[in-house]
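Dear colleague,

I am handing over the structure below, followed by an account of what was found in it. Please read the two side by side.

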Amino acid sequence: MGATIRRERVGTTAGHRGQGPTEVDAYTLDTGEGLAVVVWTYGAQLVEVLVPDREGRTGNVVVRLPDLDSYQDRAANPYVGSTVGRYCRCVAGGRFRLDGAEHHLDRNDGDHHIHGGALGFDRYVWQAEAERSDGVLSLRLRLDSPDGDQGYPGALSTEVLYQVSREGTLTLEYRATTTASTIVGLTNHAYWNLAGAGRIDGHLLALNATRAVVFDGELIPLPGPPADLTGGPLDHREPKPIGGRRLDNCFVLDGPDWAARLHDPASGRTMRVVTDQPAVGVYSADGFAGRRRSGICLEAGPLPDAPNRADYPPVRLDPGETYRHRTVHHFSAH
């Protein structure tokens, strides 16, 4: 069977402020050669990634929820597979300054802002358009966020492009433009499990990082530079079992050649991640109620609280500029 793109109706959202009840579609991008991806327009979220194991048996390697109601239930859905924004990390105190003006964001994490607020990009239905060209299957999703949405300045036009190739790659590209100076940092919040089920403790994780952000008890970066990981338990430059450790860290990447490698010895599946972003957030899902340690997040993006840190790579976007972010997942089995 050749490459196909299928569209199916999932259901209708309950609606919330700014967007009434809206129909949700599922798009399946199937290469016909082993790799297939399912994306929903609700949250522009990655719902399934179907990958063969070393025996050629195909399985889903991301955690998914059973239905649309579950995805809309914040208590049951800790951003599972969602496109997260406008800013995908924490902002301390829910505020930041641009050009002398202080902006106050929705405080949805105690005193702080995280993942775009209570009504972030994961809570909206995106407009979608699919196409096939030169053996690559693409799904382009668009969302317009008004000026002041969750406290962010400027009207933001955002685009997420999912692309699947017969070579076994899944590419995510993000773009955004604004009508006023603002901050932007987008990522995908998939929980990866290359075994297809069970805990991720047996996976081997490698990271191209010798530094990690140092957090306080509320996961806000402490003053000072990232910590040197060389020779310590978080030094994952060589593959290391995840084991039973709790991981909730932001690793500063040493370079653009590669970001992360995840391998499941039982299935033989390997995922190699390459990104143009400065950091990867790693989370072992210890706080995922009812599905603890069922997957591991590898979130390529900016550093946490970068809007308030002059020593971090900038996350500012001005009118006339285009925000760009590209992350590629390479799948194989051996």
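Strands here are DSSP runs of E with at least two residues, helices are runs of H or I with at least four residues, and both are numbered from the N terminus; two strands pair if DSSP finds at least two bridges between them. Within the sheet, β22 (residues 248–253) and β25 (residues 279–283) run antiparallel to each other and are joined over five bridges. C250 stands opposite G281 of β25.

Residues are numbered from 1 along each chain as its sequence is written, and side-chain values use heavy atoms, with hydrogens and water left out. As the model is predicted, local features need pLDDT of at least 70 and side-chain atom pairs count only at pLDDT 80 or more, while totals for chains, interfaces and linings use all residues.

**Salt bridges**

A salt bridge is taken to be a side-chain nitrogen of Lys or Arg within 4 Å of a carboxyl oxygen of Asp or Glu. By this rule there are 23 salt bridges.

One of the salt bridges joins E33 and R166, with 3.6 Å from N to O. E33 sits in the loop between β2 (23–30) and β3 (36–40) and R166 in the loop between β13 (156–165) and β14 (169–178), so the pair ties together parts that are 133 residues apart in sequence. E33 is exposed, at 53% relative accessibility, and R166 is partly exposed, at 44%.

E48 and R64 also meet in a salt bridge, at 2.8 Å from N to O. Since E48 belongs to strand β4 (residues 45–52) and R64 to the loop between β5 (58–60) and α1 (68–72), the pair ties together parts that are 16 residues apart in sequence. E48 is buried, with a relative accessible area of 18%, whereas R64 is partly exposed at 25%.

D286 and R293 form a further salt bridge, their closest N and O atoms being 3.1 Å apart. D286 is buried at 10% relative accessibility, and R293 is buried at 0%.

**A buried aspartate without a salt bridge**

D264 lies in the loop between β23 (260–263) and β24 (269–275). D264 is buried yet has no salt bridge, and the nearest side chain of opposite charge, that of R269, is 5.3 Å away. For charge, Lys and Arg count as positive and Asp and Glu as negative, while His and the chain ends are not counted. Leaving aside residues up to four places away in sequence, D264 touches L194, A195, H203 and R269, a contact being heavy atoms within 4.5 Å.

**Cysteines**

How many disulfides does the whole structure hold? The search finds zero, a disulfide being a pair of cysteine sulfur atoms within 2.5 Å. C88 is in no disulfide, and the nearest cysteine sulfur, in C250, is 8.8 Å away. C88 is buried, with a relative accessible area of 0%. For C90, the closest cysteine sulfur is that of C250, at 8.8 Å, too far for a bond. C90 is buried, with a relative accessible area of 6%.

With kind regards

Terms used: Buried < 20%, exposed > 50% of the residue type's maximum accessible area, 1.4 Å probe, protein only.
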